[in-house]
Amino acid sequence: MDIIERLEKQSQCFIDCCKLGMKAIEKGEFEKSDQFYLDAQKSLNALRNIGEESKSRAVKALLNNISKSHGEVLRSRI
């Protein structure tokens, strides 16, 4: 699997986990939300690893923006 395929797969996983986590919060299912947060964090870590492997500045910039956005969402939950 090349970097682009891995990037697509992990970014979709990250987005899905974030969406499901937000839905769980809306329903008051906080334990479930915590699990989705952990899964999103694993995907984010995998995305960071892909960024480290990639020589592309565009890929690294994209992953940096995702990481910053994720941090902002986490701070808004507190």
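Here is a short exchange about how terms are applied to this predicted model.

Visitor: What ground rules apply to the model?
Guide: This is a predicted model, where local features need pLDDT of at least 70, side-chain atom pairs count only at pLDDT 80 or more, and totals for chains, interfaces and linings use all residues. Residues are numbered from 1 along each chain as its sequence is written, and side-chain values use heavy atoms, with hydrogens and water left out.

Visitor: How many helices and strands are in the protein chain?
Guide: Three helices and zero strands. The order from the N terminus is α-α-α. Helices here are DSSP runs of H or I with at least four residues; strands are E runs of at least two.

Visitor: Why are α1 and α2 called roughly antiparallel?
Guide: The axes of α1 (residues 3-26) and α2 (residues 30-53) cross at roughly 160°. Angles over 145 degrees count as roughly antiparallel, under 35 as roughly parallel, 65 to 115 as roughly perpendicular, and the rest as oblique. The α1 and α2 pair is therefore roughly antiparallel. Angles run from 0 to 180 degrees between N-to-C directions, with axes fitted to C-alpha atoms over the stretch in contact.

Visitor: What else describes the α1 and α2 pair?
Guide: The two axes come within 8 Å. Their crossing is left-handed: the near helix is turned anticlockwise from the far one by less than a right angle. The contact of α1 with α2 has 16 nonpolar, five polar and four charged residues.

Visitor: Why does Lys 9 count as exposed?
Guide: Lys 9 has a relative accessible area of 52%. Exposed means over 50%, buried under 20%, and partly exposed in between, with a 1.4 Å probe and protein chains only. So Lys 9 is exposed. Lys 9 sits in α1. Its C-alpha is 9.5 Å from that of Leu 47, 38 residues away in sequence.

Visitor: What makes Asn 45 partly exposed?
Guide: The relative accessibility of Asn 45 is 35%, so Asn 45 counts as partly exposed. Asn 45 lies in α2. Asn 45 and Gln 10 are 35 residues apart in sequence, yet 9.5 Å apart C-alpha to C-alpha.

Visitor: Why is Asp 39 put in its accessibility class?
Guide: Asp 39 has 24% relative accessibility, so Asp 39 is partly exposed. Asp 39 also belongs to α2. Between the C-alpha atoms of Asp 39 and Cys 13 there are 8.5 Å, across 26 residues of sequence.

Visitor: What share of the protein chain counts as buried?
Guide: Of its 78 residues, 29% count as buried.

Terms used. Ala, Val, Leu, Ile, Met, Phe, Trp, Tyr, Cys and Pro count as nonpolar, Asp, Glu, Lys and Arg as charged, and the others, Gly among them, as polar.
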